[in-house]
Amino acid sequence: MSRNRKYILDLSDLQYKQIRLPFKKKILHFLLWFSVSLVLAAIYGTFIENMFGSPKEKLLSQQVENLKLQYTLIGKELDNSIAALNSFRLSDDSRYRPILDMDSVPESYRRAGFGGVDRYSDLKGFLNSDLLIEFKSKIDEIKVRATVQKESFSSIAEMSAEWKREMDHFPGISPVSVNFRLGDGYRWRTIHPVLGTPRMHNGQDFEVPYGTEVYATGDGKVIESGWNTGGFGNCIVIDHGYGLQTVYGHLSDIKIANGQNVKRGDLIGISGSSGLSSGPHLHYQVEQFGTHKNPVNFFNSDVSVEEYKDMIQAFESKSKLR
Ligand SMILES: [Zn+2]
């Protein structure tokens, strides 16, 4: 039996007969049903909204929660950036600058522009002013610290390049690479081996066989190359800059020309016994700002402490004069 149909018992013939409503009445019934449904739906909707909030509000509140989470994460990233910049500052102050003999960058310079004036007054009076000011101040601190750090690193890089240049020019190695015996050292000689008169020995002699290769002990420019009338025979003088010069005497052959630039370790000549010499050896001299220095104190950086002690002992106890 269909629900939409209504029936009535006809007592005249005891039969159920369908009641057919007029069209107007049908419309009226529909409108009544529709209106009641609307009212019920509105009441029900308001009740749900009051209890749990509308879907739109729910979505907005989710978005707010998401934003809060994102702000927290960004805040942590900002803190991490500040911590990283601080670790760069510590490396600067405890490693690079002391090694290169540079002063630390003062903290007042690293934090220049902070404190004192209320720089965030325009951010006050908003709902989330505290958060805005906190973020803005952190970002400003990062900007200033990063700029100062960049400058600091570039001055460290410049200084380290300058140090490398100076180190490369420093006459810091032995001028011969064969096993050698140290001959006469830097000292006053009562008798010159050839002249037989007292004379200062301004360098270090290397007892090496005739024909031994002789190397530049540091980067520099050749300022003398040829016969030396002072007694060094075939002689080379290299200017290393920084007030330093080296002299290589009694050579049998010269491999570089005057004015030529040389690098540490370049072959410059061959040892011999030219000039005022009593036997094959290399005479090596170091001058700093025109003053003769003991060469042993320059080229000992590539020997061990024991070797250095032996070397000093050998040249101090040396009785053979040349
Ligand atoms: Zn000598």
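The dialogue below walks through a few features of a predicted model.

Trainee: How many residues of strand β1 are buried, and why does the strand count as lying largely in the open?

Mentor: Burial is read from neighbour counts, with 20 or more other C-beta atoms within 10 Å making a residue buried. In β1, residues 6-10, zero of the five residues are buried, so the strand lies largely in the open.

Trainee: Which strand does β1 pair with, and in what sense?

Mentor: Pairing is read from bridges. Strand β2, residues 15-19, pairs with β1 in the antiparallel sense, over five bridges.

Trainee: Is D101 buried or exposed, and is H250 buried or exposed?

Mentor: The cut-off for exposed is 12 or fewer neighbours. D101 has 8 C-beta neighbours inside 10 Å and therefore counts as exposed. H250 has 27 other C-beta atoms within 10 Å, so H250 is buried.

Trainee: What does the end-to-end reach of helix α4 come to?

Mentor: The reach is compared with an expected span at 1.5 Å a residue. Helix α4, residues 129-169, has 41 residues and reaches 60 Å from its first C-alpha to its last, close to the expected 60 Å.

Trainee: How many residues does the largest nonpolar core have, and which have the most contacts inside it?

Mentor: A core of this kind is a set of buried nonpolar residues joined through their contacts. The largest one here has 17 residues, and C235, I236, I238, Y248, I268 and L282 have the most contacts inside it. β9, β10 and β13 (282-288) are the elements that give two or more residues to this core. The largest share, four residues, comes from β9.

Trainee: What does I238 touch, leaving out residues up to four places away in sequence?

Mentor: I238 touches A216, G220, K221, V222, Q245, T246 and V262.

Key:
Residues numbered from 1 in each chain as written. Predicted model: local features only at pLDDT ≥ 70, side-chain atom pairs only at ≥ 80, totals over all residues. Pairing = 2+ DSSP bridges. Expected span 1.5 Å × (residues − 1). Core = buried A, V, L, I, M, F, W, Y, C linked by C-beta atoms within 7 Å. Contact = placed C-beta atoms within 7 Å.
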